[in-house]
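Biologist: Before we start, could you show me the sequence and the model, so that we can go through the arrangement together?

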Amino acid sequence: MCSQFVRSLVLVGLLVAPTSSSAQTISLTEAQALEQLAPDNPRVRAINAPVDVARADVLAARRWPNPRFTFDRESVGGVTEDLTMVGQVLPVTGRRTFEVSAASALVDAASGLASQQVRRLRTDLRLAFADLVAAQQHERELTVVLARLQELAGVLARREAAGEAAGFDRLRAERDVLELDIDRAGAASDRLRAQAILAGFLLPPASSATITAVAPMPARGVPPPVSELMTRAEQSRGDIAALRHEIDAASFSERAAERSRIPEPEVVAGTKSSNIGNGGVGSVVMVHVPIPLFDRARPERAAARARRSQAEAQLESLRATLRSQITAWRDALIERRATADRYRATELERIAQVSYDAGERGILELLDANHSAATARIRQGALDRLVREAEIELEFVSGWENP
């Protein structure tokens, strides 16, 4: 037992040592932590980068075809003729307009998908913040009850020395202190891990051991019915908007492919000079029109229809998945809140303390009561953490803002 006690003390020292440094503690509220996800945050920039790529495709769709310059010299039997011409394809079929519309719709789709990914990033930060709040509370509860148990163990040691208590009672109290000390070491490890995860969201990066999360006020908003939450999700989720824009883009691409069957003429104009006689310079005007005999844009039309069908199927699947997720998280939030509220009604420690002060219970009963009360508060913290998780996830899947 002695060697185990020494190992536990060493473990506690290693885990708690970083928090005792001279670095200044950074206290963050959830709102302040969310402010770290500004547009210049590397994670946010990485999420928004595809939008700029999609905007470049719009520029490519808007550009006109370059003119074509031709110079031709023909010399036969002493007769030389020079032709200088410039040709320009005229996009008069409307295909270019549809291609621009398709590219613009894909920009909107990329923007919607990026906004949804940023929402997921914010949700992950809020969950990491909730983990740190729970870990801090867990460690704090264990630290408080450990101090109380150490005080009671000291009382038993003094009573044993005076012949008023058995040695078994002191050994039992010391065992409880040792086990609780090991639990506190594990809680410190969980707190350090939660600090490190939250620090990964901060800009500029901070020493994780200096971060303290300020617990938010509990939210008690009653979640609306599933039908109303689904309506909110349809309006707020970026991935739903992205799929709608992908459907529009595929429709525009199909119409552009249909227009490509109509030939776009190339107008050629220039001059022609000859050395016959006194020579002379004349004008040249030509019109080139491709004949859509072999290439009638069948692959492009088929690809556009396939992309539209794919996006429609994904949208329908997402709606079905969202309904099940919203229902599950809404039921989980209601059930977890009820469970946490029922458990919060326990007042074992206060009752035990009052009984001890009145002389109705002994110190061993108080020792058990403190240990049980600590377990109850830790479990309450875990239940509150589950409630917070359900609140955050329900807000994410539905777009509902919990007041």
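Biologist: Is the crossing of α7 and α8 left-handed or right-handed?

Modeller: This is a predicted model, in which local features need pLDDT of at least 70, side-chain atom pairs count only at pLDDT 80 or more, and totals for chains, interfaces and linings use all residues. Residues are numbered from 1 along each chain as its sequence is written, and side-chain values use heavy atoms, with hydrogens and water left out. A crossing is left-handed if the near helix is turned anticlockwise from the far one by less than a right angle, and right-handed if clockwise; the crossing of α7 and α8 is left-handed.

Biologist: How are α7 and α8 oriented to each other, parallel or antiparallel?

Modeller: The axes (lines fitted to C-alpha atoms, for helices over the stretch in contact, with angles from 0 to 180 degrees between N-to-C directions) of α7, residues 238-259, and α8, residues 298-344, come within 8 Å and cross at roughly 165 degrees. Angles over 145 degrees count as roughly antiparallel, and those under 35 as roughly parallel. The two helices, α7 and α8, are therefore roughly antiparallel.

Biologist: Where do the buried residues of α6 fall, seen down its axis?

Modeller: Buried means under 20% relative accessible area, and in α6 (residues 226-236) the buried residues are V226, L229, M230 and A233. Seen down the axis of α6, these fall within an arc of 105 degrees, so they line one face of the helix.

Biologist: Which strands are the edge strands of the open sheet?

Modeller: Four strands form this sheet in the order β2-β3-β5-β6, with antiparallel pairing, where two strands pair if DSSP finds at least two bridges between them. Each edge strand pairs on one side only, and these strands are β2 (68-76) and β6 (280-288).

Conventions. Parallel < 35°, antiparallel > 145°, perpendicular 65-115°, else oblique. Buried < 20%, exposed > 50% of the residue type's maximum accessible area, 1.4 Å probe, protein only. Arc of directions from axis to C-beta.
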